[in-house]
Amino acid sequence: MNRDQIICPCLDITAGQIMDAYKEGAKSVEAVKEVTGAGTACGACLDEIEELIQSL
């Protein structure tokens, strides 16, 4: 996946930011939400965040 791809358009969070959060220990969607804020606005990207985490 392209690190520059926007995963959370509400907060402009990229795949790279989520990947970095994962590397730093955010191994669940809830942890990624806490670290990056992704998925905390409308929640439409939660499935995509889950898929990205599972692919890492």
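Asp12 lies in the loop between strand 1 and strand 2, where helices (H or I, at least four residues) and strands (E, at least two) are DSSP runs numbered from the N terminus. The model is predicted, and local features need pLDDT of at least 70, side-chain atom pairs count only at pLDDT 80 or more, and totals for chains, interfaces and linings use all residues. Residues are numbered from 1 along each chain as its sequence is written, and side-chain values use heavy atoms, with hydrogens and water left out.

Most residues other than glycine have a negative phi, whereas Asp12 has a positive phi, near 60°. Asp12 counts as exposed because its relative accessibility is 52%, given that buried means under 20% relative accessible area, exposed over 50%, and partly exposed in between (1.4 Å probe, protein chains only).

Within helix 1, the buried residues are Ala15, Gly16, Ile18, Met19, Ala21 and Tyr22, and they pack against strand 1, strand 2 (13–14), helix 2 and helix 3, where contact means heavy atoms within 4.5 Å.

If residues up to four places away in sequence are not counted, Val32 touches Ile18, Ala26, Gly37, Ala38, Ile49 and Ile53.

Helix 2 (residues 29–36) and helix 3 (residues 46–55) pack at an angle of about 110°, with their axes 10 Å apart. The two helices are therefore roughly perpendicular to each other, since angles under 35 degrees count as roughly parallel, over 145 as roughly antiparallel, 65 to 115 as roughly perpendicular and the rest as oblique. Helix 2 makes this contact through Val29, Val32 and Lys33, and helix 3 through Leu46, Ile49, Glu50 and Ile53.

Finally, an unreviewed UniProt entry carries the annotation "domain: BFD-like [2Fe-2S]-binding" for residues 6–54. Over residues 6–54 the chain is 53% helix and 10% strand, and the end C-alpha atoms are 17 Å apart.

Methods
Axes are lines fitted to C-alpha atoms, for helices over the stretch in contact, and angles run from 0 to 180 degrees between N-to-C directions. UniProt positions are given in the numbering used here, feature names are shortened, and annotations may be inferred rather than shown by experiment.
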